[in-house]
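Take a look at the sequence and the model below.

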Amino acid sequence: KGKGKSKSKGEDDEEWRPDTPVDNPGEWVPTVEFTGHKSFGFYWCQCKKFWMSAHGYPGYTQDCKGCEEPSYPFFMWVNEQQITGFEFDKEKKVREIQGPHDELRCEACKAGVCDGARKRDY
């Protein structure tokens, strides 16, 4: 599907990108080039573990499951087309989760900005 599984990620390989997270057209961009608020994030930890999250926020870390060190998203996903017809319910910060989200390792959850968070006192 993507280029992520065919070879290991190297720090000097600027062409390498993870597999695509969705079937919709788009591309991974370095986080410093991402202009959105939230998207899929690809994280790469100093201990060489990597993961993808549907709740990636630039400027917010997620803790590595291997070493518990925080990592910022390395890449952010940009959809080729903007999704239309979606109305954001400003009054409802907590959304129904369709998959697992590790809230305790998500800095955006702890800060109250992640829409993947369930109601929880931190």
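The sections below take up a hairpin, the cysteines and the nonpolar cores of this predicted model.

## The hairpin

Strand 2 spans residues 39–44, and strand 3 spans residues 50–56. The two run antiparallel. Five bridges join them.

Strand 2 and strand 3 form a hairpin, with five residues between them. Lys48 lies in the turn. Its phi is positive, at about 80°.

## Cysteines without disulfides

How many disulfides does the structure hold? The number is zero. A disulfide is a covalent bond between the sulfur atoms of two cysteines. The cut-off used here is a pair of cysteine sulfur atoms within 2.5 Å.

Take Cys45. The closest cysteine sulfur belongs to Cys67 and is 3.5 Å away, so the pair is too far apart for a bond. Cys64 is in no disulfide either. For Cys64, the nearest cysteine sulfur is that of Cys47, at 3.7 Å.

Are Cys45 and Cys64 buried or exposed? Cys45 counts as buried, at 2% relative accessibility. Cys64 is buried too, with a relative accessible area of 1%.

## Nonpolar cores

The largest nonpolar core has six residues. They are Trp16, Trp28, Phe42, Trp44, Phe75 and Trp77. Strand 2 supplies at least two residues of this core, and so does strand 6 (73–79).

A second core is separate and has five residues. Among them are Cys106, Ala108, Cys109 and Cys114. In soluble globular proteins, nonpolar side chains tend to be buried together.

Conventions:
Residues are numbered from 1 along each chain as its sequence is written. This is a predicted model: local features need pLDDT of at least 70, side-chain atom pairs count only at pLDDT 80 or more; totals for chains, interfaces and linings use all residues. Side-chain values use heavy atoms; hydrogens and water are left out. Two strands pair if DSSP finds at least two bridges between them. Helices (H or I, at least four residues) and strands (E, at least two) are DSSP runs, numbered from the N terminus. Buried means under 20% relative accessible area, exposed over 50%, partly exposed in between (1.4 Å probe, protein chains only). A nonpolar core is a set of buried Ala, Val, Leu, Ile, Met, Phe, Trp, Tyr and Cys residues joined through side-chain atoms within 4.5 Å.
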